[in-house]
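Colleague: I want to learn how to read salt bridges in a model. Can you walk me through a case?

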Amino acid sequence: FDNLAEIHLYTAVDSYKEFNNIYTAKWYLALAYLKSERNKECKKLLNEIINVNAPFKNKAKELLDELN
């Protein structure tokens, strides 16, 4: 089931055109990666979210701090 969520969220990231939608999808994809212990991919997305001041920036920073 976790893998299915990753597939759908990855597709959403690829298809969204609006900034907020892209980074909202990336946030949830990062959470899916975290749940399936794909920490490297999770951290990469969290850094992207933080670096562009996207929605969920503060939550992404908190989560990244916990992972490091």
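Modeller: We will take the salt bridges and then the exposure of their partners. Keep in mind that this model is predicted.

Colleague: Which residue forms a salt bridge with Lys26, and how far apart are the closest N and O atoms?

Modeller: Glu48 does, with the closest N and O atoms 2.4 Å apart. This pair links distant parts of the chain. Lys26 sits in helix α2 (residues 19–35) and Glu48 in helix α3 (residues 39–51), 22 residues apart.

Colleague: Where does Lys44 lie relative to Glu48?

Modeller: Both lie in helix α3, four residues apart, about one turn of the helix. Lys44 and Glu48 also form a salt bridge, with 3.6 Å between the closest N and O atoms. Shared partners join Lys26, Lys44 and Glu48 into one network.

Colleague: Is Lys26 buried or exposed?

Modeller: The cut-off for buried is under 20% relative accessible area. Lys26 has 12%, so Lys26 counts as buried. Glu48 is partly exposed at 22%. Lys44 is exposed, with 55%.

Colleague: What does Arg38 pair with?

Modeller: Arg38 forms a salt bridge with Glu41. Their closest N and O atoms are 3.3 Å apart. Arg38 is partly exposed at 30% relative accessibility. Glu41 is partly exposed too, with a relative accessible area of 29%.

Definitions and conventions: Residues numbered from 1 in each chain as written. Predicted model: local features only at pLDDT ≥ 70, side-chain atom pairs only at ≥ 80, totals over all residues. Heavy atoms only, no water. Salt bridge = Lys/Arg side-chain N within 4 Å of Asp/Glu carboxyl O. Helix = DSSP H or I, 4+ residues; strand = E, 2+ residues; numbered from the N terminus. Buried < 20%, exposed > 50% of the residue type's maximum accessible area, 1.4 Å probe, protein only.
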